[in-house]
Amino acid sequence: MFNALFLQKAELLGDQLPELEGLFEAFLPEYRPFYAGKPEDVAVGASFDLIITSFLPFLPEVLARVKKPGHLHFTGSGTDRLPELAALADLSGVRITASPGVNAVSIAEHAAACILSFAKNLHLYRDQQQQGIWKRYWHQEVRGQQLCIIGMGEIGRAVAKRCRALEMRVTGCVRRLKACPEADELILTAQLPEALPTFDYIILCLPLNAETRGFFGQDFIARMKPGSVLINVARGGLLDETALLAALQQGQLKGAALDVFEEEPLRPEHPFWKTPNLLLTPHVAGTTQHYLRNMFEILARQLKA
């Protein structure tokens, strides 16, 4: 038997334990599970073959308490915070994996919901409901609308699949051309500036790294089609939020939907809160009742490979 340590926020761990026990039994039967919601739950000098965790604030302290694990698996799809962790803990010789696609379906559904919200003005009606206002708007059919998905990984392809089902015209923006049946066409990143004025909706699905930080800046926002909508379900660091705010306030864009932000949580005095054509959600696009099961399935496949 191998030893596995599962780390989770203390306030969540108790509720998740029954499901976790069943998932270990179903997908990782060769591992003996241990659970911790804080560093003190882990014995100093303990040895684990596998640690399963998110980028928890107390992760560096746990890694300092235990012997160096053979394998560190992250429950999320992104590893943009790995350099930050590596600066605090010795990860040399540790196999590191993540969970690409763990919440791709949930995020894709969220992105599609944002498109429909702006097409059908649902966000405006919800605001009016709070004020007792009866006001009607013309709606748009998304059928035939032009959508650009920037980043065609697991999430981007899942978004494309659902939006093509809505009969949208889907263009995927990628760094290298490769087979992608989920999209109607692909363009290279270098072609994006010229193509931006043709899209009704743009969705950011890129990972955040040194190359993509600040990718969608003022120049790109200025090139967007008047009346178009920008949706970010990836990372806040991809986007120039100041330039986006100006474009929204000036009426260049119909709106934007943001699930992620440069600074989280969004501070109470941030002007985003009072921007009427902005749909905000608190980094929840990837939350799904199937998250843990999806993650265990991905990890089990990686271990077998």
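User: What are the ground rules here?
Analyst: The model is predicted: local features need pLDDT of at least 70, side-chain atom pairs count only at pLDDT 80 or more, and totals for chains, interfaces and linings use all residues. Residues are numbered from 1 along each chain as its sequence is written, and side-chain values use heavy atoms, with hydrogens and water left out.

User: At what angle do α4 and α6 cross?
Analyst: Roughly 50°, for α4 (residues 104-120) and α6 (residues 154-165). Their axes come within 8 Å. Axes are lines fitted to C-alpha atoms, for helices over the stretch in contact, and angles run from 0 to 180 degrees between N-to-C directions.

User: Which residues of α4 and α6 make the contact?
Analyst: A104, V105, I107, A108, E109, A111 and I115 of α4 meet E154, I155, A158, V159, R162 and C163 of α6. Contact means heavy atoms within 4.5 Å.

User: Switching topic. Where is T275?
Analyst: In the loop between β11 (255-258) and β12 (278-280). Strands are DSSP runs of E, at least two residues; helices are runs of H or I, at least four, and both are numbered from the N terminus.

User: Is T275 buried or exposed?
Analyst: Buried, at 6% relative accessible area. Buried means under 20%, exposed over 50%, partly exposed in between (1.4 Å probe, protein chains only).

User: What does the T275 side chain reach?
Analyst: The backbone oxygen of P271, at 2.9 Å. Leaving aside neighbours within four places in sequence, T275 is in contact with L245 and L248.

User: And how far apart are the axes of α1 and α10?
Analyst: 10 Å, for α1 (residues 10-27) and α10 (residues 291-304), packed at about 25°.

Technical notes
A polar contact is a pair of N or O atoms within 3.5 Å; within protein, one must be able to donate a hydrogen and the other to accept it, and residues adjacent in sequence count only if both atoms are side-chain atoms.
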